[in-house]
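Please walk through the model below, starting with its charged contacts and then turning to a pocket and the surface.

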Amino acid sequence: GKPKWPRGDEKAWKEAMRDVDTDTPSITRSIVSHVQTSLARQAYNLDDFGAYQAAALSVRDNLILNWNETQLGYTKREPKRAYYLSLEFLMGRTLDNALLNLGLKDQYKDGVKQLGFNMEDVLEQERDAALGNGGLGRLAACYLDSSASQELPVWGYGLRYRYGIFQQLISPEGNQLEAPDPWLEMQNPWEASHLPVLQHARLDIFLPPQLPRLDVTYEVRFYGNADRLPDDSGRALWHGGQEVLAVAYDVMIPGCYTRNTNNLRLWESKPKRGFDLNSFNAGDYERAVESSNSAAAITSVLYPNDHTTFGKELRLKQQYFWTAASLQDILRRFKNMDKPITDFPEYVSIQLNDTHPTLAIPELMRILIDEEELSWNTAWHIVTNTFFYTNHTVLPEALEKWPVPLMEHLLPRHMQIIYDINLFFLQAVERKYPGDRDRLGRMSLIEEGFPKHVRMAYLACIGSRKVNGVAELHSELVRTTILKDFVEFEGISKFGNVTNGITPRRWLDQCNPELSALISKTLKLEKSVWLKDLYKLKDLLPFAEDPHFRKEWAAIKQRNKERLAQHVKTFLGLEVNTKAMFDVQIKRLHEYKRQNLNIFGVIHRYLAIKKMTPEERKKLNPRVVFFAGKAAPAYYIAKLTIRLIVNVARVINADPDTKDYLSLYFLPDYSVSVAEILIPASDISQHISTAGTEASGTSNMKFCLNGGLLVGTVDGANIEIAEEVGENNVFFFGHLAPAVEELRYQHLYHPVPIEEKCPALANVLNQVSGGLFGDGSVYEPLLSTIRQGDYYLLSDDFDSYIAALAMVDEAYLDNTEWVKKSIRTTANMGKFSSDRAINEYAESYWNLEAIKVPTTSNFLTG
Ligand code: 6GP
């Protein structure tokens, strides 16, 4: 018969089982218990870091209870599940977010206080988990938060890099230097492990990174040979080569005010055996050690390139390692339900976050054909109903292409499958457009050349059920440029749009607690209500007319500016004028994002102020400009931009004529937690990409949600933000996307000297060349990108940019009207909650339903 469950005395179990701590006394007890046992420390030698670890472990205990309950609930109910495959998850810090989502922040604050600690200081101890470059990775993190908050059965799959995005240092000359980010060298309490946490902190030796989920491992093969079977089954045998092990690490993702706690599973690579015994026996000791090194190397580091591909073998290995492990895990979970394999798409949707996980398409074909022994057509039907592909950029340098020889070497069976997919696909194209050789060449998955390349975006497109871009304009550009032929061939209904969103938990409640409290008070709503239904912010609109409310609103902005000033003081030792307007541009350094335009605008303003009389200057409203962002280590022009910003800051901030009216700061080592300080403090923020280049942008949404006004081009999600908040509340400038192609053509074939075309910009460039900010020759390569070619159209947009900034100055003079704009902006940002976005994916793409985990524990009955 069935084994009795639970074993032993049910009453004993029940009495011994705990549930989530919710009151301060039990929270305090659990923190102290972790101090005593997990950390092996005492009251007398506990510092802020120890208090952080103990508090984090206590919160983790609570999360584990919810997480277990959630996973059990999902397993029992057998819902359709969705999986978000992303090579990047830019999570930032975890503790504050978890406390807020659990609704336990106040209790923990009290508990920690009773033990003699200040919550703010404790939270500051946490290191960011920075497993991403920028927008794409942060979007993935917001989507995890929203999936859990919306009670959707979604898991994330990624890689557990030992080193996240590099730490940025700025040399005395203003050059970016890169240092490794060994984020795991402090214990990471946010991963689940079935084994006890062995940490003896304050020995000043942190034990090697966390313990693996030894119960969840898979083997992944590379290289070797793929031999097609001699029958006509289409199957092949892939053998030999290197086998490595994927070990799972689970990160708990708590939903907001729900018991639902989802999972982010990150894979770490390990040698299958510490030693290859065969080579060991043969006496080749070095080779044995080498192979174990190369296995561990797969997940050692996040590639720090944003919007560029490099064709590096290790990167391709990362991609395959991660997709292969994830698919095995997904299939195992599916098979536990005992459904026919052809039902797979009824139970599983897999979202491809850009083309990085595209190998999942041939990998699932390989499994279905070679291992499950399905026919090609059955397998292809399953595949093309399982995957969904999101494109995140139309920049040509970001479109992934892998050299065929490299693919053949590393993944011989997958290369065969890709050729087969291509053959069947082109046959279908040929049937629809007989004799159109040109079209076949354009649409082929294989780009001709020496060597040939596989076009990953095309493979992702034809292997997916649906394709989407990340804002209306961007999705339209995907349909009309890079995937135009595919839209014609497959029909427009496959190509949709899901405008990005951001989580209002981190990007309002957490980063701007005072504003969050004011909103709750004003709307007379618990924050648990409006944070999960952000359209409720609309009800703030009438309060824009209330002078008292405006005063409170403005006072909060002011305190956030002071908080930022304090941060700058602490980390740079510099004094910031908090009476000034705060103007912020924070994002990866890239020519298309045009930090250059901004710094040239700053120089232009500086030169103008220099020319004024002291009386004229007194009429100005002072401005403080903040920049932050990292440049890819090999991106020379972007690094020169940083150098220019740093040196302009040095000159301007020291000039007694101007420093009261204009100052400039470059904050090193931009991160999620630095963004959380900058964003609530901004009066305006800049989103000034060349029209048609920024797919969406998400920080634009974060600033506006916090009542900062937007200066921007008619690009990406700026357009939809303006639609929501009203064009009179944003400052738009510059040429529109449809004009860009023609302008670039003119630059190339009918160039007009910049002195004629844009004297103001020419003057700025000449001042830089002339040495106003140190040796001008250093900046020549940067300046010549504008003087020659000017691909990103700075000379076309500069004048209207300066005019837009003048309108900002003008508007800022009327403080009442300005605060009204700020309130109206926040009030109209409901659309940009990532809850709305994730629900669109769930409904229109994945066909996924919410599963609410019961609030009382079911643990006993299994
Ligand atoms: C970024 C886009 O540049 C940005 O506009 C968008 O908001 C973000 O994705 C999220 O959709 N793209 C990337 O970071 C990237 O690497 C391959 O694209």
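A salt bridge here is a side-chain nitrogen of Lys or Arg within 4 Å of a carboxyl oxygen of Asp or Glu. The model is predicted, so local features need pLDDT of at least 70 and side-chain atom pairs count only at pLDDT 80 or more, while totals for chains, interfaces and linings use all residues. Residues are numbered from 1 along each chain as its sequence is written, and side-chain values use heavy atoms, with hydrogens and water left out.

Arg439 and Asp485 form a salt bridge in which the closest N and O atoms are 3.9 Å apart. The pair links distant parts of the chain, with Arg439 in helix 16 (residues 437–443) and Asp485 in helix 19 (residues 484–490), 46 residues apart. Helices (H or I, at least four residues) and strands (E, at least two) are DSSP runs, numbered from the N terminus. Both Arg439 and Asp485 are buried; buried means under 20% relative accessible area, exposed over 50%, and partly exposed in between, with a 1.4 Å probe and protein chains only.

A search of the whole structure finds 61 salt bridges. Another of them joins the side chains of Lys852 and Glu151, at 2.6 Å from N to O. This pair also links distant parts of the chain: Lys852 is in the segment after helix 36 (834–846), Glu151 is in the loop between helix 7 (135–149) and strand 4 (154–159), and 701 residues separate them. Lys852 is partly exposed because its relative accessible area is 48%, whereas Glu151, at 13%, counts as buried.

Arg824 forms a salt bridge with Glu545, with 3.0 Å between the closest N and O atoms. Here the distant parts of the chain are helix 35 (residues 815–827), which holds Arg824, and the loop between helix 22 (527–530) and helix 23, which holds Glu545, 279 residues apart. Arg824 has 21% relative accessibility and so counts as partly exposed. Glu545, at 45%, also counts as partly exposed. Salt bridges that share partners join Asp436, Asp438, Arg439, Arg442, Lys484, Asp485 and Glu488 into one network.

The next topic is a pocket. On a 1 Å grid over the protein atoms alone, a pocket is an open set of points where a 1.4 Å probe fits, with protein on both sides within 12 Å along at least five of seven lines, and lining residues have an atom within 4 Å of a point. The second largest pocket holds about 960 Å³ of space. It is lined by 35 residues, of which Asp96, Glu120, Gln510, Pro513 and Arg563 are the closest to its centre. Elements that give two or more residues to this lining include helix 4 (95–102), helix 5 (105–114) and helix 21 (513–523). Helix 23 gives the most, with seven residues. By class, the lining has nine nonpolar, eleven polar and 15 charged residues.

Leu574 lies in the loop between helix 23 (547–572) and strand 20 (581–586). Leu574 is partly exposed because its relative accessible area is 35%. Together with Phe571 and Leu572, Leu574 forms a nonpolar patch on the surface, with about 270 Å² of accessible area in total. Nonpolar patches are made of Val, Leu, Ile, Met, Phe, Trp or Tyr residues with over 30% relative accessible area and no salt bridge, joined where side chains are within 5 Å.

Ile165 lies in the loop between strand 4 and strand 5 (167–170). With a relative accessible area of 6%, Ile165 is buried. The C-alpha atoms of Ile165 and Ser671 are separated by 9.4 Å, although the two are 506 residues apart along the chain.

Technical notes:
Patch = residues over 30% accessible without salt bridge, like charges linked within 9 Å, V, L, I, M, F, W, Y side chains within 5 Å. Areas by Shrake-Rupley, 256 points an atom, 1.4 Å probe, with all protein chains shown as cover. Points joined across faces, edges and corners; volume = space filled by probe spheres on them. Nonpolar A, V, L, I, M, F, W, Y, C, P; charged D, E, K, R; others polar.
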